[in-house]
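My notes follow in the order I took them.

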Amino acid sequence: MGSRQELLEWVNGLLQTNYGKVEQLGTGAAYCQIMDSIYGDMRLERVKFNANQEYEYVENFKILHNAMAKHRVDKPIDPTRLIKCRFQDNFEFLQWLKRHWDAYSPGTEYDAVGRRNGKPGGPTDSARPMSSASSSSAGAYRARPAAAAARPRPAGVAHVAVRPGSRTTAGAAPQQQQQQALQDLTRQVAEAKVMIETAEKERDFYFTKLREIEVFIQQSEFVAGSELEGMAKHIQAILYSTEDGAVDEADGEQPGLQGEPYAEQAVGHMEQLHVDEEETF
């Protein structure tokens, strides 16, 4: 199953929704519930099924990212591309998600409507809706001519047309521009938070591994002058080296520990180090 129509039929059948375009999945809500249909532990009450702003899409993808990290799903996702609701980005991700679902779905019946507490799970009016400010101003513009036509003019008062750019309309444009700028800044802040959180998790993950190696070597006892002792000191020299390659005197490289053979031996013995799988994400 790979065509857009087949994938949409699968999504709508699984989630009891009515998505008509792949682009509409860029809100992230459907992706969250598809993941819930596999693992059954998504906090769907936090998912914004009626999201229509990019910062709300970002929140949905944060929930999705946390769920994937929890279940060690090794699939990098780029929310900054998916939330643009472009076809190709969402189509590729949906194809991967279908393959993942085929491989890990428990095969039991899934109550999609019940899991989201009866919330509408389908698309909003548009995958890229205009802002609330724009839509309200557009509605006001459409209402104005009808109201003006229904209101009778006093006798002797001529109709005066308002020229574009006059004082009446000049103030509306800067206000709309400010609102749009505020929405763009809000979206950028939300995207930056996602990237910062991801970078912090990766930093903590690798720091934990390096610290575990350091503690293992410090607590291990090696025979003086043995090959393992030399290799341990070589690993310590790497751990304690700075950006310019300098190391503390106490942790410096020992005679006879330089060169590729020791590096290869260190790699060969890395399997003996204890790795706590709970640290991974």
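**Entry 1: K233 and its partner**

I started with K233, which counts as partly exposed because its relative accessibility is 31%. The model is predicted, so I read every value as computed from it. The side chain of K233 meets that of E229 in a salt bridge, 3.6 Å from N to O. Both residues sit in helix α10 (residues 227-240), four residues apart, about one turn of the helix. I then checked E229. Its relative accessible area is 19%, so E229 is buried. The cut-off for buried is under 20%.

**Entry 2: other salt bridges**

How many salt bridges does a search of the whole structure find? I got 11. I looked at the one between the side chains of E54 and K84, with N to O at 3.9 Å. E54 belongs to helix α3, and K84 to the loop between α4 and α5 (87-104), so this pair ties together parts 30 residues apart in sequence. E54 is buried because its relative accessibility is 10%. K84, at 27% relative accessible area, is partly exposed.

Next I took R81. It forms a salt bridge with D89, and their closest N and O atoms are 2.9 Å apart. R81 is partly exposed at 41% relative accessible area, while D89 counts as buried at 11%. I also noted a network of salt bridges that links R81, R86 and D89.

**Entry 3: D36**

Is D36 buried or exposed? I found it buried, with a relative accessible area of 1%. D36 has its place in helix α2 (residues 29-39). I followed its side chain to two backbone nitrogens. That of M42 lies 3.0 Å from a polar atom of the D36 side chain. That of D41 is reached at 3.5 Å. Leaving aside neighbours within four places in sequence, I listed the contacts of D36 as D41, M42, L44, Y110 and R115.

**Entry 4: R116**

I moved on to R116, in the loop between α6 (112-115) and α7 (132-150). R116 counts as buried because its relative accessibility is 3%. Which backbone oxygen does its side chain reach? I traced the side chain of R116 to the backbone oxygen of Q16, at 3.2 Å. Not counting residues up to four places away in sequence, R116 touches L15, Q16, T17, Q33, L44, F49 and G121. I also checked R116 against R43. They are 73 residues apart along the chain, and their C-alpha atoms are separated by 9.2 Å.

**Entry 5: the cavity**

I searched for cavities of 30 Å³ or more and found one. The largest cavity has a volume of about 60 Å³. Its lining is K62, H65, N66, V194, E197, T198 and K201. The elements giving two or more residues to that lining are α3 and α9. The largest share, four residues, comes from α9. I sorted the lining into one nonpolar, three polar and three charged residues.

**Entry 6: the second largest pocket**

I put the space in the second largest pocket at about 440 Å³. It is lined by 17 residues, and H65, K75, P76, T198 and E202 are the closest to its centre. Two or more lining residues come from each of α3 (54-70), α4 (79-82) and α9 (172-219). Here α9 gives the most, with four residues. I counted nine nonpolar, three polar and five charged residues in the lining of this pocket.

Terms used
Residues are numbered from 1 along each chain as its sequence is written. This is a predicted model: local features need pLDDT of at least 70, side-chain atom pairs count only at pLDDT 80 or more; totals for chains, interfaces and linings use all residues. Side-chain values use heavy atoms; hydrogens and water are left out. Buried means under 20% relative accessible area, exposed over 50%, partly exposed in between (1.4 Å probe, protein chains only). Contact means heavy atoms within 4.5 Å. A polar contact is a pair of N or O atoms within 3.5 Å; within protein, one must be able to donate a hydrogen and the other to accept it, and residues adjacent in sequence count only if both atoms are side-chain atoms. On a 1 Å grid over the protein atoms alone, a cavity is a set of points where a 1.4 Å probe fits but cannot get out, and a pocket is an open set with protein on both sides within 12 Å along at least five of seven lines; lining residues have an atom within 4 Å of a point. Grid points are joined across faces, edges and corners, and a volume is the space filled by probe spheres set on the points. Ala, Val, Leu, Ile, Met, Phe, Trp, Tyr, Cys and Pro count as nonpolar, Asp, Glu, Lys and Arg as charged, and the others, Gly among them, as polar. A salt bridge is a side-chain nitrogen of Lys or Arg within 4 Å of a carboxyl oxygen of Asp or Glu.
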